[in-house]
Each structure stands twice: as structure tokens, then as C-alpha cells.
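Please look over the sequence and the 3D structure below. A short report follows.

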Amino acid sequence: PPPPPPPPSHIIQAEDGIRHQPRSRGLGDVYKRQIKNGYETLVEAGYSPEMAYFECVHEVKLIVDLIYEGGIANMRYSISNTAEYGDHTRGPRVVDGAVKEKMKGILEDIQTGKFAREWVLECSADQPSFKAMRRRAAEHPIEEVGERLRAMMPWITEGALVDKSKN
């Protein structure tokens, strides 16, 4: 008999996301939460939403590009001494050992298949929770501010990674 068909993609992503799927984000999803929390913290402190957006979104791209290009040491070499000092002294106060322990728990969920089982159940019910979370995330003020600012920077869309008209 012919071999069985491959499992649906949502099962593969859930079970093997951090090891085998090139577009999976795995534990890296925590960065999006840090960006939103940073944005909210700055806006709540009185910074304009536009400045908070640039500080929390566009700055991240620069930092990631510097790390991608030459590692964390390269990034630290490339930023100001003040920023590097803050990285060493304030960063651990935000992302501490408790965060690492939570990440280990999430990794265990992925490795044991707990996450995959949860995702399969969500998909079998037509993704009600997932769709609600997606809608709430899209309604966050950072999205409106970002859309408005990106509209003033047309060069960003040149060579865009996502084309919603195709996928």
C-alpha cells in the first residue's frame, strides 16, 4: 500500500517547530510580548505613541541586524556605552532567571507534545480561542501607530517578506 499522507502542517509545526520548521518562531515569540510591554510602558509614562513605537520596534530591527551580522558582542560594540551599560545592568532585571524557568516549561510543553495536542484540539474546534487572540492582538494601539508611521516610509515595503495578496 502507498505510504500514509503527511500529517497536517499545524501538527508538524506544533511538534517540531523549534527544530525543523524554518519559519517557526518557537520560544522567540517572547520578543513580541517584550516589544508590546515596552511600548505600553513608555506610552503610560507620557511618551508619544510614535516615539515609543520607534524605540520599541525600529530599534529592535537595528539590534537584531547587528546581532545577526556579528553576534551579541558585535551589537554591544556598535551601540553607545550608555546603552551597553543599561544592557548589562538593567536587562537582567527584566529578563531574569524566572523568565528562563518559564521558557524551560514552554520548551517541555513542546518536547512532550502537550503544545501539539492543545493546538490540534484548537484546530479541530475551528480555532475559536486562536482567532480571538489574533483579533485582540491586531487591535493593540501599537498596530495602528505602526501602520500610520510605515505609510510615511514607503521604502520599508520594498522587498517585503509578506505579500498578503498572495498568501
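## Confidence and overall build

Helix α1 (residues 9-16) has the lowest mean pLDDT among the elements of the protein chain, at 51, while α8 has the highest, at 96. Here pLDDT is the predictor's confidence in each residue, from 0 to 100. Over the protein chain the mean pLDDT is 86, and 83% of the residues reach 70 or more.

This is a predicted model, in which local features need pLDDT of at least 70 and side-chain atom pairs count only at pLDDT 80 or more, while totals for chains, interfaces and linings use all residues. Residues are numbered from 1 along each chain as its sequence is written, and side-chain values use heavy atoms, with hydrogens and water left out.

The protein chain holds 9 helices and 0 strands. Its elements run α-α-α-α-α-α-α-α-α from the N terminus on. Helices (H or I, at least four residues) and strands (E, at least two) are DSSP runs, numbered from the N terminus.

The protein chain has 167 residues, and 14% of them count as buried. Buried means under 20% relative accessible area, exposed over 50%, and partly exposed in between (1.4 Å probe, protein chains only). The accessible surface of the protein chain comes to about 13,100 Å². Carbon and sulfur atoms account for 59% of that surface. Areas come from the Shrake-Rupley method with a 1.4 Å probe; for residues, only the protein chains shown count as cover.

Contact means heavy atoms within 4.5 Å. Take the contacts in the protein chain between residues at least 6 apart in sequence: 52% of them join residues at least 24 apart.

## The largest nonpolar core

Which residues make up the largest nonpolar core? The 8 residues are Tyr39, Ala52, Tyr53, Cys56, Ile142, Val145, Leu149 and Met153. Two or more residues of this core come from each of α3 (49-78) and α9 (141-151). A nonpolar core is a set of buried Ala, Val, Leu, Ile, Met, Phe, Trp, Tyr and Cys residues joined through side-chain atoms within 4.5 Å.

Leu149 is in contact with Glu50, Tyr53 and Phe54, leaving aside its neighbours within four places in sequence.

## Aromatic pairs

A pair of aromatic rings is described by the distance of the centres and the angle of the planes. The whole structure has 2 aromatic pairs.

| Pair | Centre to centre | Angle between planes | Type |
|---|---|---|---|
| Tyr53 and Phe54 | 6.2 Å | 80 degrees | edge-to-face |
| Trp119 and Phe130 | 5.2 Å | 75 degrees | edge-to-face |

Rings of Phe, Tyr and Trp (its six-membered ring) pair if their centres lie within 6.5 Å; planes under 30 degrees apart count as stacked, over 60 as edge-to-face and the rest as tilted.

Tyr53 is buried, with a relative accessible area of 4%. Phe54 is partly exposed, at 31% relative accessibility. In the other pair, Trp119 sits in helix α7 (residues 114-124) and Phe130 in helix α8 (residues 128-138), 11 residues apart. Trp119 is buried at 18%, whereas Phe130 is partly exposed at 26%.

The loop between α7 and α8 holds Asp126 and Gln127. Most residues other than glycine have a negative phi. Asp126 is not a glycine, yet has a positive phi of about 70 degrees. Gln127, also not a glycine, has a positive phi of about 55 degrees. Asp126 is exposed, with a relative accessible area of 52%.
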